[in-house]
Amino acid sequence: MKDPELELLVDELERRTDLTVADYDGVQHALAYLLSDVMSGDGPTQDISTTDGAVLVVDQAYPNWIVNIHGRANDKDGHWRCTLRENDARDNDAAIGTGRSPVLAQAILAAILRLTAVLKKL
């Protein structure tokens with residue numbers, strides 16, 4: 001990732017547990033910009049602050065990709081890791097998206113943003 005604004009956004013997703021509506025609005029705009037060829041309108045219509053909403057973004061942007069989620073729900077604030085891979089049978093993916101966060105939805109969103117940045121060579 002080379003875009004400093006995108007790096008800051010991913011850093012916020014991975015570091016903080018208490019993102020505001022405005023923070024998620026920034027993520028929504030980044031997704032709409034980065035995934036404009038996949039997303040219609042102003043971006044995802046679902047609530048991306050929820051795990052279901054974040055997974056739906058993966059489904060829209062990267063259908064049939066593998067979503068690996070690892071974490072411990074019993075730890076304080078969770079310790080979640082998400083990996084997006086095109087194929088988990090072989091280890092030769094052109095790009096892999098990774099994210100980690102105390103909040104599962106934010107780990108997924110960070111992985112989406114990193115993957116998209118690599119694929120678009122930002």
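Predicted model: local features only at pLDDT ≥ 70, side-chain atom pairs only at ≥ 80, totals over all residues.
Residues are numbered from 1 along each chain as its sequence is written, and side-chain values use heavy atoms, with hydrogens and water left out. Local features need pLDDT of at least 70 and side-chain atom pairs count only at pLDDT 80 or more, while totals for chains, interfaces and linings use all residues.

Let's start with the sheet. Helices (H or I, at least four residues) and strands (E, at least two) are DSSP runs numbered from the N terminus. Three strands form an open sheet in the order β1-β2-β3, with antiparallel pairing; two strands pair if DSSP finds at least two bridges between them. β1 (66–70) and β3 (97–101) sit at the edges with a single partner strand each, so one side of each has no neighbour in the sheet. From one strand to the next, the twist averages 15°. Between β1 and β2 (residues 80–85), the antiparallel pairing runs over five bridges, and V67 stands opposite L84 in β2. Helix α4 (residues 104–120) packs on this sheet and touches β1, β2 and β3, its direction making about 150° with that of β3. Contact here means heavy atoms within 4.5 Å. As for the angles, they run from 0 to 180 degrees between N-to-C directions, and axes are lines fitted to C-alpha atoms, for helices over the stretch in contact.

Next comes helix α1, and its meeting with α4. The axes of α1 and α4 come within 8 Å and cross at roughly 160°. That makes α1 roughly antiparallel to α4 (angles under 35 degrees count as roughly parallel, over 145 as roughly antiparallel, 65 to 115 as roughly perpendicular and the rest as oblique). On the α1 side, L6, L9, V10, E12, L13 and E14 make the contact, and they meet Q106, L109, A110, L113, R114 and A117 of α4. The residues of this α1–α4 contact split into eight nonpolar, one polar and three charged. Here Ala, Val, Leu, Ile, Met, Phe, Trp, Tyr, Cys and Pro count as nonpolar, Asp, Glu, Lys and Arg as charged, and the others, Gly among them, as polar.

Helix α1 (residues 4–15) also meets helix α2 (residues 21–34): their axes come within 11 Å and cross at roughly 130°. That makes α1 oblique to α2. L6, L9 and L13 of α1 make this contact with D23, G26, V27, A30 and L34 of α2. By type, the residues of the α1–α2 contact are six nonpolar, one polar and one charged.
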